[in-house]
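Trainee: I've just opened this one and could use a guided tour. Can we talk through how the helices pack and where the pockets are?

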Amino acid sequence: MASNTRKWAAEFIGTFWLTFGGCGSAVLAAAFPGVGIGLLGVSMAFGLTVVTGAYALGPISGGHFNPAVSVGLVVGKRFEAAALPGYFVSQVLGAIAAAAVLYLIVSGKADFAGVGGFASNGYGANSPGHFSLLAVLVCEVVMTAIFLIVILGATAKRAAGGFGGLAIGLCLALIHLVSIPVSNTSVNPARSTGPALFAQTGAIGDLWLFWLSPLAGSVLGATIYNVFLADD
């Protein structure tokens with residue numbers, strides 16, 4: 001059984017990779033002249049970080065890489081509540097470290113004039129499509145709830161063995177395809193925290209929503225799974 005230090009290291013690295021790979025694709029590659037990867041590419045980048053991280057690090061820590069996932073797994077009776085603080089700290093520090101490294105890279109561009117939104121999440125003026133607080137709240141809660149249902153179903157004992165990480169990664173990619181225009185897609189409080197610390201759009205003031213809504217969504221999703229879908 002992995003020690004706490006190994007689990008925390010795995011969660012730090014996994015959340016670093018998710019934030020760096022996903023947000024990095026948005027900041028560096030999405031609109032690169034002529035060959036930018038666009039919304040589809042960014043969505044796939046987030047999904048691929050989860051797929052690769054889940055198979056490489058999941059056997060050590062469970063591959064949460066997201067405080068909302070950790071909380072949902074507690075509600076789903078797949079994870080011990082006593083382990084939450086260590087996972088939360090590791091995940092948030094991993095996301096902040098990723099944002100710091102990304103900032104260092106971005107600021108090295110010859111015509112650097114600031115990072116702008118820096119792939120941060122927001123509502124109102126900070127929403128890519130200028131969606132309202134209520135619209136963003138509903139979107140994030142629903143998307144996170146579905147994410148937890150997929151996670152719990154794909155990793156259940158009755159599920160096809162070895163495919164959980166793939167299903168979860170594809171689900172996250174699909175979530176981004178739908179919700180990037182609404183909130184720039186969070187469903188992950190740690191991923192939201194890192195870029196918000198560096199963004200120039202006041203995203204730090206919107207950050208509370210991207211802790212509240214994913215955590216609420218994770219509890220909702222896990223509860224729905226427990227009540228209606230779990231194997232007795």
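**Helix packing and pockets**

Mentor: Let's begin with α3 and α4, whose axes cross at roughly 160° and come within 9 Å. Keep in mind that this is a predicted model.

Trainee: How are α3 and α4 oriented to each other, roughly parallel or roughly antiparallel?

Mentor: Start from the crossing angle, which is roughly 160°. Angles over 145 degrees count as roughly antiparallel. So the label for α3 and α4 is roughly antiparallel.

Trainee: Which residues of α4 does α3 meet?

Mentor: On the α3 side, look for Pro67, Ser70, Val71 and Val74. By class, this contact of α3 with α4 has six nonpolar, two polar and no charged residues. The α4 residues they meet are Leu84, Tyr87, Phe88 and Gln91.

Trainee: What is the handedness of the crossing where α3 passes α4, left-handed or right-handed?

Mentor: We already have the angle for this pair, roughly 160°. Handedness is a separate label, and for α3 passing α4 the crossing is right-handed.

Trainee: Now α3 and α8: how do they lie, roughly parallel or roughly antiparallel?

Mentor: Helix α8 covers residues 209–229, and its axis is 8 Å from that of α3. The two pack at an angle of about 30°. Angles under 35 degrees count as roughly parallel. That is why α3 and α8 are described as roughly parallel.

Trainee: What about α7 and α8, roughly parallel or roughly antiparallel?

Mentor: Helix α7 spans residues 189–196, and its axis comes within 9 Å of the α8 axis. They cross at roughly 170°. With the cut-off at over 145 degrees, α7 and α8 are therefore roughly antiparallel.

Trainee: And which residues of α8 make that contact with α7?

Mentor: α7 brings Pro189, Ser192 and Thr193. The residues of the contact divide into five nonpolar, two polar and no charged. From α8 come Phe210, Trp211, Pro214 and Leu215.

Trainee: On to the pockets. Which element gives the most residues to the lining of the largest pocket?

Mentor: The largest pocket has a volume of about 620 Å³. Of its 31 lining residues, the closest to its centre are Ala26, Val27, Leu28, Val115 and Phe118. The elements that give two or more residues are α1 (4–29), α2 (38–61), α4 (84–106) and α6 (164–183). With five residues, the top contributor is α1.

Trainee: Which element gives the most to the lining of the second largest pocket?

Mentor: That pocket holds about 520 Å³ of space, and among its 35 lining residues, Gly62, Gly63, Ile151, Thr155 and Ile168 lie nearest its centre. At least two lining residues come from each of α2, α3 (67–75), α5 (133–154) and α6. The most, six residues, come from α2.

Trainee: How many charged residues are in the lining of the second largest pocket?

Mentor: Its lining has 19 nonpolar and 14 polar residues. That leaves the charged class, with two.

How values were computed: Residues are numbered from 1 along each chain as its sequence is written. This is a predicted model: local features need pLDDT of at least 70, side-chain atom pairs count only at pLDDT 80 or more; totals for chains, interfaces and linings use all residues. Side-chain values use heavy atoms; hydrogens and water are left out. On a 1 Å grid over the protein atoms alone, a cavity is a set of points where a 1.4 Å probe fits but cannot get out, and a pocket is an open set with protein on both sides within 12 Å along at least five of seven lines; lining residues have an atom within 4 Å of a point. Grid points are joined across faces, edges and corners, and a volume is the space filled by probe spheres set on the points. Helices (H or I, at least four residues) and strands (E, at least two) are DSSP runs, numbered from the N terminus. Ala, Val, Leu, Ile, Met, Phe, Trp, Tyr, Cys and Pro count as nonpolar, Asp, Glu, Lys and Arg as charged, and the others, Gly among them, as polar. Axes are lines fitted to C-alpha atoms, for helices over the stretch in contact, and angles run from 0 to 180 degrees between N-to-C directions. Angles under 35 degrees count as roughly parallel, over 145 as roughly antiparallel, 65 to 115 as roughly perpendicular and the rest as oblique. Contact means heavy atoms within 4.5 Å. A crossing is left-handed if the near helix is turned anticlockwise from the far one by less than a right angle, and right-handed if clockwise.
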